[in-house]
Amino acid sequence: MDGTERSRRPTDATVEVWVRESTSGAWVPPDSAAIAAWLDEHERARWARLADRRDAAAYLLLHAMARREVGRVLGRPPESLRFDRTCPDCDRQHGAPRLLDDPGLHLSLSRTRTVVALALSRHGPVGVDIEPVDAVGFGGYGDVALHPGERARGTEELPDITTWVRKEAALKALGVGLRIDPTTIATPVPGVPTDVVPGMPSVTVADLDVPRAYAAAVALESAAGALAVRAH
């Protein structure tokens, strides 16, 4: 091995993350119709179908923010960006978004009724998930979310919602989402590349700093070196 080979180091991978409260009014201006003009026909149709005003506001904020930030990276107007959301199960346009204008820029979206999250990375497929802490406050949660080994030892050392957001972020990064049963995988440890699904690439997860009533995580597929999260 020569000196050049010895000096090589794995490239640290970076994920850019935005977390915003949709109820604050700090990003989307009062004229939501003007912002909705940034959306494509599929996004506008989905937005129009949301009967709850909180859901609609969160959806608009998240998709407008995604278009603004991606447009900023590419030097393109937000309304000019083209996304493909083909669902692998039914071929309809309601799956995870893939940027047609620059397939090397990966993105992931997640929303609750009041808080939204966006993740971007050029280092590989990325997944983000945010959930309210009380979303797991129902009987039988462990039966639908926890690996048998996790149920056996309990989760006193790890809040239940944390197990969920780490798993969902990891599955979103792998492009399979909840088509993989969360109970079949163990919760990834932050910062450690993990083979979550047999036969698929490894993922590395990181917990996100979010409002106290929420938990969130981001995951990157096949991260080489340390996973750095840059919050905006």
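**A close look at a helix pair and its surroundings**

A: Let's start with the whole structure, where a search finds 16 salt bridges; a salt bridge here is a side-chain nitrogen of Lys or Arg within 4 Å of a carboxyl oxygen of Asp or Glu. In one of them, the side chains of Glu-43 and Arg-85 meet at 2.8 Å, N to O. Glu-43 belongs to helix α3 and Arg-85 to strand β2 (residues 83-86), so this pair ties together parts that are 42 residues apart in sequence. Helices (H or I, at least four residues) and strands (E, at least two) are DSSP runs, numbered from the N terminus.

Before going on, please note that this is a predicted model, in which local features need pLDDT of at least 70 and side-chain atom pairs count only at pLDDT 80 or more, while totals for chains, interfaces and linings use all residues. Residues are numbered from 1 along each chain as its sequence is written, and side-chain values use heavy atoms, leaving out hydrogens and water.

Now for the helix pair. Two packed helices are described by the angle between their axes and the distance between the axes. The axes of α3 (residues 41-49) and α4 (residues 53-74) come within 9 Å and cross at roughly 160 degrees. Axes are lines fitted to C-alpha atoms, for helices over the stretch in contact, and angles run from 0 to 180 degrees between N-to-C directions. That crossing angle makes α3 roughly antiparallel to α4, a label for angles over 145 degrees, whereas under 35 is roughly parallel, 65 to 115 roughly perpendicular and the rest oblique.

Which residues meet? From α3 come Glu-43, Arg-46 and Trp-47, and from α4 come Ala-56, Tyr-59, Leu-60, His-63 and Arg-67, with contact meaning heavy atoms within 4.5 Å. The residues of this contact divide into four nonpolar, one polar and three charged. Here Ala, Val, Leu, Ile, Met, Phe, Trp, Tyr, Cys and Pro count as nonpolar, Asp, Glu, Lys and Arg as charged, and the others, Gly among them, as polar.

Finally, a hairpin elsewhere in the chain. Strands β4 (residues 106-111) and β5 (residues 115-121) run antiparallel and are joined by six bridges; two strands pair if DSSP finds at least two bridges between them. The hairpin leads from β4 to β5 through three residues, and His-106 has Ser-121 in β5 as its bridge partner.
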